[in-house]
Amino acid sequence: MTRIEADRELCVSAGMCALTAPEIFDQDDDEGRVVVLDARPSADLREGALEAARLCPAAALTVHEEP
Amino acid sequence: MTTEPLTFPLTSGGTFSPPKELMAMRGERPIARVRYPDGKLGWMVTRRATIREVLANPVFSARQELRSTPFSGAGPTPPAPPGMFIGMDPPDHTHYRRLLTGQFTVRRMRLLTERVEEIAEEHLDRMAAAGPPVDLVRAYASPIPAMVICELLGVPQDYRTRFEREAAEMSRRDATPEERQHAMVGIFSYLGELVGRKRVEPTDDLLSGLVTDDAGLTDEELTNLAFMLLGAGLDTTANSLGLGTFALLCHPEQIPVITNPETVDNAVEELLRFLPVVPGTVRTALADVEVEGVQVRAGESVMVSLPTANRDPERFTDPDALDLARPAAGHVAFGHGVHQCLGQQLARVELRVAFPALFRRFPSLRLAVPPAEVPLRDDMIMYGVHELPVAWDTES
């Protein structure tokens, strides 16, 4: 299954993840840094998670595939 | 094989196309030699993947005092003054940027939708009352983002009028460097006053939030931050609106895609992909580094061409076609890396509102001059149109 890891120190708050996969990502109100809403998204959200990780300008997102 | 370095200015590839030299080199030489107007040799990068690599690598500095620029006549640049974080590297850049990022989130910007709609409708009412022809840049594309960023920052109406006059002067086509400088000094002095006013009487807006922030920003930092936000909020969206409308009027069959609420979001991404208004950005290597097999030396400036990256066939099928229905995500119109546009979610909201509102109000909108007579901003730091004369059918 898919597991999402977000590095909030690397995050630059561009919002690409919340824009691309709003079911999985949000931003905090204070500094707009990534908040993972669903760290183990269902299979139908997997492509969105991968796209968000690819588009992240700070390479702050990792999508793990686990058995 | 030796090839002559590219030099500026580059050759226009046409109204809606990146420069010829850059489009020609992308496939074979994604990084190539350039000579900047200051005489220094550096590099130009045109391939999307390589551009993302450069912009994500901290060895490439954004410090403005280190870089050569493609603009002739630009003398040596002093280091960024306090607050102007666009020309800084982490950790200084991070310090300032994080004071603002919470204000520009996807969610917060979406909350502005209704207000942007009101502003757009007010300007459409005025256009309708004035009757055709009108210059769309002056009547619609420029004032909407100006009003939005002023309200967001908390610039009161009396300042706004003065500010808009100076801003128009700064982007006027035939303004001399002295006139531009004079207008800029004017804006700085208004903003300085405004910061003082917010200190005495904070209100519910971004600038007041910064004034009262625990970070304890100085007046100089606050004034510079405000100047940067105003500048970034104006010309960018204004040019995207002007140029995008021009492109849509040349491809009217695509207008229904942008007026459809189901497809407008992606249509805006495609316009951003096809017509990024920032021609490029420059980074300077802090150490020797290899890029695409070539050795970039410490001190060399590397310009990345955002328009050619957005036409890269490695990411986009049939990239030179404007197709509002294509998957357009992954463009680099807002850059990449830690400097990626802070206001991009605001720009998205503005464009998602302003394009459909315009074409819904005036379904018969058309150019009032032949396309070749539309004056292009090919001489400016930001691409776009100086004017866009438009007309429409009126009932009478």
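In the predicted model, the buried residues of helix α7(B) are Pro143(B), Ile144(B), Pro145(B), Ala146(B), Met147(B), Val148(B), Ile149(B), Cys150(B), Leu152(B) and Leu153(B). The helix, which spans residues 143-153 of chain B, is thus mostly covered, with 10 of its 11 residues buried. The cover over these buried residues is provided by elements of chain B that include α5 (113-130), α6 (136-141) and α8 (157-171), together with α10 (206-211), α11 (219-250) and α15 (344-361). Following α7(B) in the chain is Gly154(B), for which phi is positive, near 95°.

Between the two chains, 23 residues of chain A are in contact with 21 residues of chain B. The area buried between chain A and chain B is about 1,700 Å², and carbon and sulfur atoms give 41% of this area. Of the area that chain A buries against chain B, 29% is supplied by Val12(A), Leu19(A) and Pro57(A), which is more than any other three residues supply.

Polar contacts across the interface of chain A and chain B amount to 12 residue pairs, both residues being at pLDDT 80 or more. On the side of chain A that touches chain B, at least two residues each come from α1 (16-20), β2 (25-27) and α2 (46-55) of chain A, and the residues of that side comprise 9 nonpolar, 4 polar and 10 charged.

Note on methods:
Residues are numbered from 1 along each chain as its sequence is written. Chains are lettered from A and ligands numbered from 1 in the order in which they are written. This is a predicted model: local features need pLDDT of at least 70, side-chain atom pairs count only at pLDDT 80 or more; totals for chains, interfaces and linings use all residues. Side-chain values use heavy atoms; hydrogens and water are left out. Contact means heavy atoms within 4.5 Å. Buried area is the accessible area (1.4 Å probe) that two parts lose on being put together, summed over both. A polar contact is a pair of N or O atoms within 3.5 Å; within protein, one must be able to donate a hydrogen and the other to accept it, and residues adjacent in sequence count only if both atoms are side-chain atoms. Helices (H or I, at least four residues) and strands (E, at least two) are DSSP runs, numbered from the N terminus. Ala, Val, Leu, Ile, Met, Phe, Trp, Tyr, Cys and Pro count as nonpolar, Asp, Glu, Lys and Arg as charged, and the others, Gly among them, as polar. Buried means under 20% relative accessible area, exposed over 50%, partly exposed in between (1.4 Å probe, protein chains only).
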